[in-house]
Amino acid sequence: MAGCCGCCSALKPRYKRLVDNIFPANPEDGLQKNNMAQLTFFAVSSPDKLDKIGQYMEQRLSREVHRHKIEYVFIAMEACDQLLKSCHAQSLNLFVESFLKMVQKLLESEEPELQILATNSFVKFANIEEDTPSYHRRYDFFVQRFSTMCHNNNPDQEMRTRIRSVGLRGLQGVVRKTVTDDLQVNIWDPIHMDKIVPSLLFNMHDSSRESSAEVESPRDEEHPSYVAENVLRDLVCRAAYGNIKSSITPVLVHLDNHKLWQPNSFAKKCFKIIMYSIQAQHGYLVIQMLMSHLDKHTHSDPMIKAGIIGVLYETVIISVGGTIGPSVLEVFNNLLRHLSISLDRKSENEERRKAEKIFEEAIINTIGEFANSLPDFQKIEIMMFILGKFPQFTNDDDICGPMDTQLQIHLLKTLLKVATRYKTVVMQNAFPHEFMHPLLQISRLDDPGMRITVQEILQTLIDRNGNSNKLNRVYIPKNISELELRIEKSSRQDIMFMKKNGLEFYWFLYENMQMLSNTVENFEALYCTMGLIYIELGENDILIELIRLALDIQQTVMNNSSLPLTHKCAIHALIAAYLNLISQSTDLPDLRQYIQKVIKTREKEAPHLLPNFAYNRTNRPHSFKDLESSDLYPTHDVLKDSWLFDHNAISKNLTDSGLDTARLSSPLTQKPFGLDLTEMQSVSDIQSINIDIESVDGSPVFGRKSDEEITVESLKRMLVEDNLSERLDKDRRRTEIHNSFRQAPFEELIARSEAKSPYHNKLNEILDMEHTPNASPISFEMQFPDLFVY
């Protein structure tokens, strides 16, 4: 009976007759439209027959493939596409099973055209949203097959390009079909991602290596490179928080296996695509994964690490604020650790050492970009954290080894990079004491290059109006307007900050001037810092302090016999330029006239005390070394009074201008009260906890050894000695306090008392509110009952 039904079409079921009718007698005529419409109407009207329609079409397709009737195969797949598009019944799942078997049958064939046909049909199916879930459908075969097509090596270049492109679109279809359905196979499993992601990267990189004359433009929408980029964007965009790691890990592995970190142009391209496609709140996870991957390459070639850091740098630039994530200090600590490891490696290979330097510079630049994405208050915390990484040392005895010195140099470069990203608004916020004090301590290190870097950090934080580039050279302009300085009035908060902390700034500048290892660049950096302090903070009260600083430096240079003559001339020239800057930029005509008089006298009688001579690099070596024997310098250091700036004359000019000059008589030779330079304190919150552990001798378990027998007489002697030492300490402290109050100016005493008071900041805020011109007085009305009105 079955055989009879196969021969007599009239005895076939209706769905079979409808399916047979869509195939024309001549395959060149294509799909029969009218018959296809009848089949579609029947499928929509009788959805319970969809599974049988699918099974029969699968049989017809297998038979046509076996007979190599390719035209009928195309007709069958076109009919399936239309049925899938038109039918949305719940029983569509059964038809889909037959459809997927048909696609699998074509993908297994060796005919490229059939593989392309099957993939295109699958992509159309992937774009259809199904109404009902499927519990038993699997796509493992399709992931495997599409990934294989992405690596196709067909000798025909055009066919190879087509197969790779449709293979990529097939992978995109699998992702779209499974990523939103929790009942489907988890496409984010490593077993699938390890096939999908490398296939995308292979096509992106393989196309970039081919000659542009042999292939189509990468901007062609059908080019594998272009398709792979779009698929990667789509994949990363769909990744949720828990799937970021599974999608990024294969990228890192692929770059490792194919040694694509150096050069890292392709790696940068990949992570740019990832960072621009990933959800903004998940961007920090990519950065953390790159950091972890860098940890795995701690002992790798420095150029590989430099390549990873370069990619990390690009991702940070793309990222927005807060992308670093919650563990900000951990990120910076990790980068600084890699910097320290790189410096500790003593390699005799010159090429490797050069590579390590490239890696170190890349770390510094990356830290700067990290800091750029942070708010300003966190940038100060990061700078304090970096200062906390300095090795412990004393300023008098240099106990640091060569590697520690290199570490300090690179930490200062890192600090400068972060400082350039900070925008100073209020000096008190830019210079908290926990940060300012250690930074000024570092300014007295023996290395002149490190001192220059410290001055550059100070200049970056002090300069709010872009004047530092205009003061980087010591010279006396004929007119101060040539410098085009931008000077604004200082705020009350900044003035109070300088009254409390100015002495510490002045003292360190004063000490830096007398360093024997100073070079031309050191003096120019000091001049720039002093000039910026005046321009940004030089109100009347601070102006007197700065003039006092200049006069004290001049007096100290005259009394310091250990300074070389070249240094003395340079310092005298610097003081002349600095006082000229102050006199010409203030409304003090008497002071300006006096300063110009001394400068003209030097031009005639002592040109070696002016910048044109002392800082002229055209007729002398780069530094001050070996200049003592030069005939251009005088053979003696005797200075006439007319060549120097007289304290009394300046005091009189300032008094005539209505300024209080009482502070000019108090020298800066005594260091500020409470300033201890013998220790380098850590400023990091993490490293600020120092625990002193007693030795075994002081342990309560082992007992303390004593060479002296304890008797009544020895106890009496100990009490007498303790009382004597305590009295001596009290006398010494009393003497210091008395001397401090006798010699320190009244304003300094006020600043000390304000620093100890916890309410002075709030009082300043209240006073600022009261002095605000726009503040309107607040009036209060009291309503009385009528009985109280007289």
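Figure 1. A residue counts as buried when its relative accessible area is under 20%. In this predicted model, E64 has a relative accessibility of 3% and therefore counts as buried. The residue belongs to helix α4, which spans residues 50-66. Leaving aside residues up to four places away in sequence, E64 touches K69, Y72 and V73.

**Figure 2. The packing of helix α12 against helix α13.** Helix α12 comprises residues 244-257 and helix α13 residues 265-277; the two pack at an angle of about 175°, and their axes lie 11 Å apart. Because of this angle, α12 is roughly antiparallel to α13. On the α12 side the contact involves I248, V251, L252 and L255, which meet F266, A267, F271 and I274 of α13. By residue class, this contact consists of eight nonpolar residues, with no polar and no charged ones.

**Figure 3. The aromatic pair F122 and F146.** In total, 14 aromatic pairs are present in the structure. For F122 and F146, the ring centres are 5.4 Å apart and the planes stand at 55°, so this pair is tilted. The two residues connect distant parts of the chain, since F122 lies in helix α7 (residues 112-126) and F146 in helix α8 (residues 140-150), a separation of 24 residues. F122 and F146 are both buried.

**Figure 4. The aromatic pair F332 and F370.** Here the ring centres of F332 and F370 are 6.0 Å apart, with planes at 65°, and the pair is therefore edge-to-face. Distant parts of the chain are again linked: F332 is located in helix α16 (residues 328-344) and F370 in helix α17 (residues 350-372), 38 residues apart. Both F332 and F370 are buried.

Figure 5. One aromatic cluster is formed by F99, F122, F125, Y139, F141, F142 and F146. The tilted pair of F122 and F146 thus belongs to this cluster. K177 lies over the face of F125, a member of the cluster, at 4.3 Å from the ring centre.

**Figure 6. An arginine over the ring of F23.** The charged end of R60 is positioned over the ring of F23, at 4.2 Å from the centre of that ring.

How values were computed:
Residues are numbered from 1 along each chain as its sequence is written. This is a predicted model: local features need pLDDT of at least 70, side-chain atom pairs count only at pLDDT 80 or more; totals for chains, interfaces and linings use all residues. Side-chain values use heavy atoms; hydrogens and water are left out. Axes are lines fitted to C-alpha atoms, for helices over the stretch in contact, and angles run from 0 to 180 degrees between N-to-C directions. Helices (H or I, at least four residues) and strands (E, at least two) are DSSP runs, numbered from the N terminus. Angles under 35 degrees count as roughly parallel, over 145 as roughly antiparallel, 65 to 115 as roughly perpendicular and the rest as oblique. Contact means heavy atoms within 4.5 Å. Ala, Val, Leu, Ile, Met, Phe, Trp, Tyr, Cys and Pro count as nonpolar, Asp, Glu, Lys and Arg as charged, and the others, Gly among them, as polar. Buried means under 20% relative accessible area, exposed over 50%, partly exposed in between (1.4 Å probe, protein chains only). Rings of Phe, Tyr and Trp (its six-membered ring) pair if their centres lie within 6.5 Å; planes under 30 degrees apart count as stacked, over 60 as edge-to-face and the rest as tilted. A charge sits over a ring if NZ of Lys or CZ of Arg is within 6 Å of the ring centre and within 35 degrees of the ring normal.
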